Amino acid sequence: MIVGAAFYFIYDRLTSDTQLNWSQFKNLITQKASIGNIVLLIFLSFLNRYLEILKWQNLVKVIRPISIYESTKQVMGALTLALFTPNGIGEYAGKALFFEKEKTKKIVFLNLICNGIQMILTIIFGVFGLLYFNANFNIITPERVIIITVTFFVVILTLFFLKKISIKGYSLEKLIHKINGIPKSIHQKNILLAIARYLTFSHQYYFLFLILDVQIPYLLLMAAITSVYFLASSLPSFQFLDFAVKGSVAVYFFGLLGVSEWIVVFITTLMWFLNTVLPVVIGTYFVFTFKSRWKQESSL
């Protein structure tokens, strides 16, 4: 059922989107589909997921060491389960099923760390990108930039002073304490892998524009890309709708740079296909062969 639903959602998105002009895409692919371009794009997609697999393997060492194959199975299987859940929350449950039931909370926490650092980097790169983009196009007035900056620091200070307040036994101070309980070496490796992963998929986006002969200065194009990822990630979405959310934001930003709407939609769809659809296809194998640790425990 999970695999069938996954493929249905993918098929439905590709066939029902009126912005996708398949004849133009076919002509474009025919013109640009050199062996070098295909190898580069597939390699970056592989590297993107491989870095995520290494991140998870690194974090799970807190519980027990796992092999690259085990990490691949957990990451890819969980990605398939997360395809049609809001903001990929099914990934948390998917990974937890690979471990003993009593370790569920710890797995959810580690997955939060794994995804959290990626989100923090998306925010950091996105804010700088948005400021650089705004300096060139004045999307947001200087007054609004000041208001947003002040609001951000007020929220940070408020969280700092309220960190000891507990809600149902949980508090920010306890969360920080749990994070600090993980060895620094694991945190450092997690951050480095997350930075490498962010640079991988953002530059895959960049290379697609170059392949399609979009001539925009590097910093300006990367500012637009980081802004799109930042704003799109802040919107609630499903994995199978990810390209539609990013596409709608991307059309606006790249439209200001004079990039044709159908090129933006094509690139966004191709990014979604390379980094979500292909991994889900691989992940379906692990879903079919999946045996829950919870089920194994109950049989014992």
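Reader: Why does V108 count as partly exposed?

Author: Buried means under 20% relative accessible area, exposed means over 50%, and partly exposed is what lies in between (1.4 Å probe, protein chains only). V108 has 33% relative accessibility, so V108 counts as partly exposed. Before going on, please note that this is a predicted model, in which local features need pLDDT of at least 70, side-chain atom pairs count only at pLDDT 80 or more, and totals for chains, interfaces and linings use all residues. Residues are numbered from 1 along each chain as its sequence is written, and side-chain values use heavy atoms, with hydrogens and water left out.

Reader: What makes E52 and R197 a salt bridge?

Author: A salt bridge is a side-chain nitrogen of Lys or Arg within 4 Å of a carboxyl oxygen of Asp or Glu. The closest N and O atoms of E52 and R197 are 3.1 Å apart, and the pair therefore forms a salt bridge. This pair links distant parts of the chain, with E52 in helix α3 and R197 in helix α9, 145 residues apart. Helices here are DSSP runs (H or I, at least four residues), numbered from the N terminus.

Reader: How do you know that E52 is buried?

Author: Its relative accessible area is 3%, so E52 is buried. R197, with 11%, is buried too.

Reader: Which residue meets E52 in a salt bridge at 3.4 Å?

Author: That is K55, whose side chain meets E52 at 3.4 Å, N to O. Because K55 and E52 are three residues apart in helix α3 (residues 35–60), about one helical turn separates them. Salt bridges that share partners join E52, K55 and R197 into one network.

Reader: Why is K95 called buried?

Author: K95 has a relative accessible area of 0%, so K95 is buried. K95 forms a salt bridge with E91, their closest N and O atoms being 3.0 Å apart. Both lie in helix α5 (residues 90–96), four residues apart.

Reader: What makes the largest nonpolar core a core?

Author: A nonpolar core is a set of buried Ala, Val, Leu, Ile, Met, Phe, Trp, Tyr and Cys residues joined through side-chain atoms within 4.5 Å. The largest one has 35 residues, and F209 is among those that touch the most other members. Helix α10 gives the most to this core, with ten residues.

Reader: Which residues does F209 contact, leaving aside its neighbours within four places in sequence?

Author: Counting heavy atoms within 4.5 Å as contact, F209 is in contact with V214, L221, F254, V259 and I267.

Definitions and conventions: Helices (H or I, at least four residues) and strands (E, at least two) are DSSP runs, numbered from the N terminus.
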